[in-house]
Amino acid sequence: RLTYANPVLDADFPDPSVLKAPDGRWYAYATQGTAAGRMANLQVARSTDLVRWEPLGDALPTKPSWASSTQDFWAPDISRKDGRFFLYYSARPDPATGESERGLCLAVATAD
C-alpha cells in the first residue's frame with residue numbers, strides 16, 4: 001500500500017488535466033508557470049503512481065503565431081483518440097491581432 005502526504009506535486013501547477021498514456025504512466029498538464037527555473041507555456045509532469053511526479057518542462061514550447069508575444073496560456077485539457085493526443089488550451093492573442101481585448105481564444109495542439 002502506497003501512502004503519501006499532500007501536496008503530491010509541490011509546485012505552482014494550476015488547472016491540471018491528467019491522462020494515463022499507453023506507456024502506463026500518468027501525464028499531467030497545467031497552466032503556464034515556472035518549471036526548472038524557466039517559464040513554461042503549458043507545464044507537463046509524469047508519474048508512475050500518481051504520488052511521485054517528475055517535471056518534464058513545457059508541453060507547448062513553440063507558441064502559435066497568433067499568440068507569439070503573449071504569456072497567457074491557461075487551463076489545458078488532454079485527451080487521446082485513435083492513437084493521437086489532443087491538448088486543448090486557452091491563450092490570449094497578441095495585441096497586433098486586434099483581438100487581445102476580446103478575451104482568450106481556444107486552441108488545440110496534436111501529436112502522435
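**Close-up views of a predicted model**

Leucine 19 has tyrosine 27, in E2, as its bridge partner. This is a predicted model, in which local features need pLDDT of at least 70, side-chain atom pairs count only at pLDDT 80 or more, and totals for chains, interfaces and linings use all residues. Residues are numbered from 1 along each chain as its sequence is written, and side-chain values use heavy atoms, with hydrogens and water left out.

**View 1. Four strands form an open sheet in the order E1-E2-E5-E6.** The pairing is antiparallel. Strand E1 (17-20) and strand E6 (54-58) are the edge strands, and each pairs on one side only. From one strand to the next, the twist averages 25 degrees. Strands here are DSSP runs (E, at least two residues), numbered from the N terminus. Two of them pair if DSSP finds at least two bridges between them.

**View 2. E1 and strand E2 (residues 26-30) run antiparallel.** Four bridges join them. Strands of a sheet pair through backbone hydrogen bonds, either parallel or antiparallel. The loop between E1 and E2 holds alanine 21. Alanine 21 counts as buried because its relative accessibility is 11%. Buried means under 20% relative accessible area, exposed over 50%, and partly exposed in between (1.4 Å probe, protein chains only). Alanine 21 and tryptophan 74 lie 53 residues apart in sequence and 22 Å apart in space, C-alpha to C-alpha.

**View 3. Phenylalanine 73 and tyrosine 89 form a tilted pair.** Their ring centres are 6.0 Å apart and their planes stand at 40 degrees, so the pair is tilted. Rings of Phe, Tyr and Trp (its six-membered ring) pair if their centres lie within 6.5 Å; planes under 30 degrees apart count as stacked, over 60 as edge-to-face and the rest as tilted. Phenylalanine 73 sits in strand E7 (residues 73-81) and tyrosine 89 in strand E8 (residues 84-91), 16 residues apart. Both residues are buried.

**View 4. The largest pocket has about 200 Å³ of space.** Its lining includes Tyr29, Val44, Phe85 and Asp112. Strand E9 (105-111) and E8 each give two or more residues to this lining. The largest share, three residues, comes from E9. A pocket is an open set of points on a 1 Å grid where a 1.4 Å probe fits, with protein on both sides within 12 Å along at least five of seven lines; lining residues have an atom within 4 Å of a point. The volume is the space filled by probe spheres set on the points.

Conventions:
Axes fitted to C-alpha atoms, helices over the stretch in contact; angles between N-to-C directions.
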